[in-house]
Amino acid sequence: MVRFNPKARLDTSRIRDVGRRGGSAGAGRSAGSGARRPVPGGVAVGGVGAVVVAVLLYVVLQAIGGDGDTDSGPLSATRVSDAQQGTDRYAGCETGADANESHDCARVAVENSLTDYWADALGASFRPIDALVTFTGQVATACGTATSAVGPFYCPADESIYLDTTFFDEVLERELGGPDGDFVEWYVLAHEYGHHISNLIGDMARVRDQQTGPQSLGVRLELQADCFAGAWTANADGSTDAAGEPLFAEPVSAEEVQLAQDAAAAVGDDAIQRRTQGQVTEESWTHGSSEQRARWFQEGYRTGSPESCDTFDVPRV
């Protein structure tokens, strides 16, 4: 198990929880043209709510017309004050010692580590995510309203990550047969943060169509996020708090790296299709195969460098 440095100070300024108040969550940016850009993303499959992890929502379409199931639309400037309100779920998360005792506080520590790592990696071009929002049931974002069925996702319009914390037990483990362990969630958060990095460096804008398949632009975007997650994993123990105190007490273990690879494989398009429909249809892939996802995570981890994650300019991914 990854242990955090008890002396490290945690920053909860970008973390909020909105509990079951579907339609009240968000992050301090209103919807703009980015919410209307059709970016392929994760979709529910098999009619059972099983979801591909790490998604740029198809709810960009909901931002245009809504989904017909709720009156909670995308955030607007007049709802920013509502978006800032939440529960006190993370109020007790102050130090690395708290992260060692509480899974919620560990989530804060991981977000802090991702922010510090990418600030160093990107330099002046970096800005952190606006928020990591945890919810249950339903949430309103600048990309539109999303339910738990969507799974964890990044919304480029408000530059925030949204996470239903029941996903890992109820969907990833039970429905998709994925592994169980704390680092499974940390891999997912690192993948979603990877989407934010793709957004910042302009690679997300290269996905201009909704084509699918193992070599599609949408799949290349997802594999880049897996690779970025691997690069962070290799460097996580070097991340620090605002005062320069290490956030991690030790490097990520080989067992945890394997957990991340197993999780990546569990949410490969082929693995999900076999489990939910009994056959594989490559032309419909949106995230990549189990082999592709695990391989690109390993590429980022092996090199420890985001520069190895240029999935857009290689002939085949």
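Contact here means heavy atoms within 4.5 Å. This is a predicted model, where local features need pLDDT of at least 70, side-chain atom pairs count only at pLDDT 80 or more, and totals for chains, interfaces and linings use all residues. Residues are numbered from 1 along each chain as its sequence is written, and side-chain values use heavy atoms, with hydrogens and water left out.

**Stop 1: two helices.** Select α4 (residues 103–122) and α6 (residues 182–201). Helices are DSSP runs (H or I, at least four residues), strands likewise (E, at least two), numbered from the N terminus. The pair packs at about 35°, axes 10 Å apart. Axes are lines fitted to C-alpha atoms, for helices over the stretch in contact; angles run from 0 to 180 degrees between N-to-C directions.

Now show side chains. On α4, pick residues including Val110, Leu114 and Trp118; they belong to the face that meets α6, where Trp186, Leu189 and Tyr193 are among the partners.

**Stop 2: the disulfides.** There are 3, each a pair of cysteine sulfur atoms within 2.5 Å.

Select cysteine 93 and cysteine 105, with sulfurs 2.1 Å apart. This link is left-handed, at -80° about the S-S bond. Cysteine 93 is buried at 4% relative accessible area; buried means under 20%, exposed over 50%, partly exposed in between (1.4 Å probe, protein chains only).

Next, cysteine 143 and cysteine 155. Their S-S torsion is about 100°, so this disulfide is right-handed.

Finish at cysteine 227 and cysteine 309. Cysteine 227 sits in α7 (residues 217–235) and cysteine 309 in the segment after α10 (290–303), 82 residues apart.
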